[in-house]
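Please look through the sequence and the predicted model shown below, and keep both at hand while reading the explanation that follows.

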Amino acid sequence: ALARLARVTQFRSFYLEQRLRETVDALAAVGIRPVLLKGAALATAAYPTFGDRAMVDLDVLIPADAAPEAWRAALAGGWMEDPDGEGEREYHHLPTLLDARGVHASLELHTEVLAVGHPFGLTADVVRAGAEPLAAHTAGRPDAPAAWLPRPEHLFVHAAVHFMWQHMARLHGWKAV
C-alpha cells in the first residue's frame, strides 16, 4: 500500500512540475513575469528534484493589473474554474483554478502575498522587486521553468507569516517547517 501511495505521489509531483512549466510559459507568452511562491518556489530552487517537495497546488505571484490577462492565459493553458467555487476574488489571490485534465491539482494566481489588510511589511511589490530569474538558482537543472524566484528571506517570512497568522498555526505545519 505504501509503495502504491509513493508511486501516486511521485506521479502527482512530476505532473505538477509539468503543469507549472506550462503555466509559466502561458503567462510569459502574454508578457506576465510570474514569481513562484511557497512550495513551487522551494521545489524548483531548494530541493534536488521537484518531487522532493510534496504539494497539491501551485502558487504564482502576478501583478494585480495583469490579473484578467493572467486568468485568461491560465484558462487557455489547461486550468478551469472550480464548479463548486463562488467565482469571487479571494483575500489575496484570484479564485482557485483546478486542473482541467482531471488530476487533483490546483493553481492560485496571487496578486498579493498575504491577505488584504495584513499588518506586515511584506507586500507583492517588495517580493517582485527583490525577485531574481529562477535560472540563476538552478544552474544544474536546465529544465527549470522560466519564472522568477523571491529572495530567500522573503520566502522564509512569507511561509512563517502564512502559517502563523493566516492559518493560526493549525494547518500545514510540516509543510511550513
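The pairing of β5 with other strands can be followed next. Strand β2, residues 57-61, runs parallel to β5 and is joined to it by 5 bridges; within this pairing, D59 of the chain has E108 as its bridge partner in β5. Strand β4, residues 97-99, pairs with β5 in the antiparallel sense over 2 bridges, and L98 stands opposite S106 of β5. Between β4 and β5, which together form a hairpin, there are 6 residues, and in this turn G102 has a positive phi of about 95 degrees.

The chain as a whole gives the setting for these strands. Its secondary structure amounts to 6 helices and 7 strands, and read from the N terminus the elements follow the order α-β-α-β-α-β-β-β-α-β-β-α-α. The chain has 177 residues, of which 42% count as buried, and its accessible surface comes to about 9,600 Å², with 60% of that belonging to carbon and sulfur atoms. If contacts between residues at least 6 apart in sequence are considered, 60% of them join residues at least 24 apart.

Definitions and conventions:
Residues are numbered from 1 along each chain as its sequence is written. This is a predicted model: local features need pLDDT of at least 70, side-chain atom pairs count only at pLDDT 80 or more; totals for chains, interfaces and linings use all residues. Side-chain values use heavy atoms; hydrogens and water are left out. Helices (H or I, at least four residues) and strands (E, at least two) are DSSP runs, numbered from the N terminus. Buried means under 20% relative accessible area, exposed over 50%, partly exposed in between (1.4 Å probe, protein chains only). Contact means heavy atoms within 4.5 Å. Accessible areas come from the Shrake-Rupley method with a 1.4 Å probe; for residues, only the protein chains shown count as cover. Two strands pair if DSSP finds at least two bridges between them.
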